[in-house]
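Subject: Structure handover

Hi,

Here is the structure we talked about. Please have it open while you read the notes below.

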Amino acid sequence: MCAKPKKTPDQEQYDQLEKKYETKRPVLKNCLRAFWVGGLFCLVGQAISYFYIYFFNFTEQTASNPTVATMIFIAMLLTGFGVYDRLGQFAGAGSAVPVTGFGNAVISAAIEHRTEGFVLGVGSNMFKLAGSVLLFGVFSAFVVALIKTILIYMGVI
């Protein structure tokens, strides 16, 4: 194991000064905010799912796709109106982790580059952040489907 080099007195003094003026992060407060906002997103998603089940005669399984699409659409609208950014400042990961964070990432890049035109600005920059999510999602679905097909062909499933 490598030994850490000994600090000079100036470095020690700087470390003490840094610790004195360092802002303390409210970790528990941030976690509670993320928990409640993420839970609120889930509550809204569940209400939308029940809406599709009750009014459009979807089953619980078939209501999931339009629910996800609706949640992404709502997040994109809120981003366009500037509400989602303020919510993200307040909630942190509680707003970034759910599927609504994906919608926010897509539309934020589109809004940022709209002055460059629809093709070179919006079209080419829209999926910069979300492109890797789409790529790995599609690739993972392909691998799982391939494994399932092989297992069905072998008679295991």
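A search of the whole structure turns up one salt bridge. The term means a side-chain nitrogen of Lys or Arg within 4 Å of a carboxyl oxygen of Asp or Glu. The partners are Lys7 and Asp15, at 2.4 Å from N to O. Lys7 is partly exposed, at 42% relative accessible area. Asp15 is also partly exposed, at 21%. On these terms: buried is under 20% relative accessible area, exposed is over 50%, and partly exposed is in between (1.4 Å probe, protein chains only). As background, side chains of opposite charge can pair when their charged atoms come close.

Before the rest, some ground rules. This is a predicted model, in which local features need pLDDT of at least 70 and side-chain atom pairs count only at pLDDT 80 or more, while totals for chains, interfaces and linings use all residues. Residues are numbered from 1 along each chain as its sequence is written, and side-chain values use heavy atoms, with hydrogens and water left out.

Cys31 is in no disulfide, and the nearest cysteine sulfur, that of Cys42, is 16 Å away. Cys31 is partly exposed at 46% relative accessibility. Cys42 is exposed at 55%.

The largest nonpolar core has five residues: Val37, Phe41, Ala75, Tyr84 and Ala91. Helix H2 (27-56) and helix H4 (83-91) are the elements that give two or more residues to this core. A nonpolar core here is a set of buried Ala, Val, Leu, Ile, Met, Phe, Trp, Tyr and Cys residues joined through side-chain atoms within 4.5 Å. Helices are DSSP runs (H or I, at least four residues), as are strands (E, at least two), and they are numbered from the N terminus.

Look at Tyr84 next. Leaving aside neighbours within four places in sequence, Tyr84 is in contact with Phe41, Ala75, Leu78, Thr79, Ser95, Thr100, Gly101 and Asn104. Contact means heavy atoms within 4.5 Å.

Leu78 sits in helix H3 (residues 64-80). Leu78 is partly exposed at 29% relative accessibility. With the neighbours within four places set aside, Leu78 is in contact with Val83 and Tyr84. Its C-alpha is 10.0 Å from that of Ile107, 29 residues apart along the chain.

The buried residues of H3 are Pro66, Thr67, Thr70, Met71, Ile72, Ala75 and Thr79. They pack against H2, H4 and helix H6 (99-112). The end C-alpha atoms of H3 are 24 Å apart, which agrees with the 24 Å that its 17 residues should span at 1.5 Å a residue. The expected span is 1.5 Å times one less than the number of residues. Just after H3, Gly82 takes a positive phi of about 85°.

Transmembrane spans and helix H8

The UniProt record (unreviewed entry) places the feature "transmembrane region" at residues 34-55, 67-84, 91-111 and 131-156. UniProt positions are in the numbering used here, feature names are shortened, and annotations may be inferred rather than shown by experiment. In the model, residues 34-55 are 100% helix and 0% strand, with end C-alpha atoms 31 Å apart. Residues 91-111 are 86% helix and 0% strand, with ends 22 Å apart, C-alpha to C-alpha.

Helix H8 (residues 131-154) has 24 residues. H8 reaches 35 Å from first C-alpha to last, close to the expected 34 Å. Just after H8, Gly155 has a positive phi of about 85°.

Loops

Asn57 lies in the loop between H2 and H3. What is its phi near? The value is 55°, positive in a residue other than glycine. Asn57 is exposed at 69% relative accessibility.

His113 is in the loop between H6 and helix H7 (118-125). Is His113 buried or exposed? His113 counts as buried, at 18%. Neighbours within four places aside, His113 is in contact with Gly121, Val122 and Asn125.

Best wishes

Terms used
Disulfide = S-S within 2.5 Å.
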